[in-house]
Structures are given as C-alpha cells and as structure tokens.
Amino acid sequence: RNPWRIAIGPSNGDVWIGDVGQGMYEEVDVVRAGTSGQNFGWAVFEGPACFTEDPDGNAGCDSPGDYVAPVVAYDRQGTGQCSVIMGGVYRGTCMPDMVGRVFFGDYCSGEVRSFPASTNQLDYSATTDHTSDVDPSGLLYGRISSFGVDGYGELYVAALQAGAVYRIEVE
C-alpha cells in the first residue's frame, strides 16, 4: 500500500516497515534478515481484514496463509489515529530497558509506542505506550513526521509545525 518510513535493525538487518493503510488499518511489517519475497497481502489484506480480492488472481481472501501477517496492526476508525510512522529499533545506552524494542508512532494521535523486536505478531493493545513519557505536554499531537537515530543509537522523533526534534527518553 503505502510504506511510510522503514528502519533497519542495526544488529541483525531486519527491515521494519510502517504501512499506512488504505482505509481502516495501519500496520507494522517486518522482513527478517536472510529472507526475501515476502507478500504482505497488499491489495488483498489491510491489517487483519480482507480488503479486496487479489487483482493478480492469486488465492485472495480465502488463503490468508499465503501472505505474511503484520507484526502489529491497529484499527484507526474512531481512535484519532490516522497514519503509522515507523521509528526504529533502539540500541542506545540512555534507556537500557528499551534496547531491542521497535518504536513507532501515529501522525494524528501523536502516540509513541514500542514492542520487542523479537516479536512476530502482537495485538496492538499489548504494545507499550510511551506517549506521556516522550511528550507530556502533548506537542506531538497531529505532528509526528519521522524518527531518527544518532551515532550513539539514541532515538529521536520529529514534529511538523513545531519545528522540533525530540530525543526519546522513557522513565
């Protein structure tokens, strides 16, 4: 659909993809190092839901096992969420408890969340919400545009309109 930002796991080369959905779901996908040719079901599935029959005539909605499911998907209907922004895998030293966690956010809600990079599939409600730690003043609401990593492995989030870049610090 619309991959918006990717992150490459610095220790193993996994590729994390933030996929902006078509109409209902946002998702985070992963291509594990050493694999190729993943079919995330784009054009057929949106998150866990069948979106449309496969235009190429493949198995379509009747064969979800032919596709790689997202690691995390969330329904954006009525939630204030609208567009996943891929973050990165934390490898810094300022937050030792966060090492190896995948961070992502949502443009509209300003949420910043994470989950362990070893995860293959996880319900959105089981991801960890860091929004109040990262943004106690609510300045990221409707503004998250990108994440970045510095030379020390520390993670940053950029905010449109605020003209600011914030280092992620979780207590």
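Five bridges join strand S7 to strand S8, residues 101-106, and the two run antiparallel. Strands here are DSSP runs (E, at least two residues), numbered from the N terminus. Two strands count as paired if DSSP finds at least two bridges between them.

A quick note on the source. This is a predicted model, where local features need pLDDT of at least 70, side-chain atom pairs count only at pLDDT 80 or more, and totals for chains, interfaces and linings use all residues. Numbering starts from 1 along each chain as its sequence is written, and side-chain values use heavy atoms, leaving out hydrogens and water.

Back to the sheet. It is open, with four strands in the order S7-S8-S9-S10, and the pairing is antiparallel. S7 (84-89) and S10 (128-129) stand at the edges with a single partner strand each, so one side of each has no neighbour in the sheet.

Now the largest nonpolar core. That term means buried Ala, Val, Leu, Ile, Met, Phe, Trp, Tyr and Cys residues joined through side-chain atoms within 4.5 Å; buried is under 20% relative accessible area, with a 1.4 Å probe and protein chains only. This core has 16 residues, and Trp16, Val28, Val72, Met86, Val102, Phe104 and Phe115 touch the most other members. S2 (15-20), S3 (25-31), S6 (72-75), S7 and S8 each give two or more residues. S7 gives the most, with three. Apart from this core lies another, of 15 residues, including Ile85 and Phe147.

Methods. Buried < 20%, exposed > 50% of the residue type's maximum accessible area, 1.4 Å probe, protein only.
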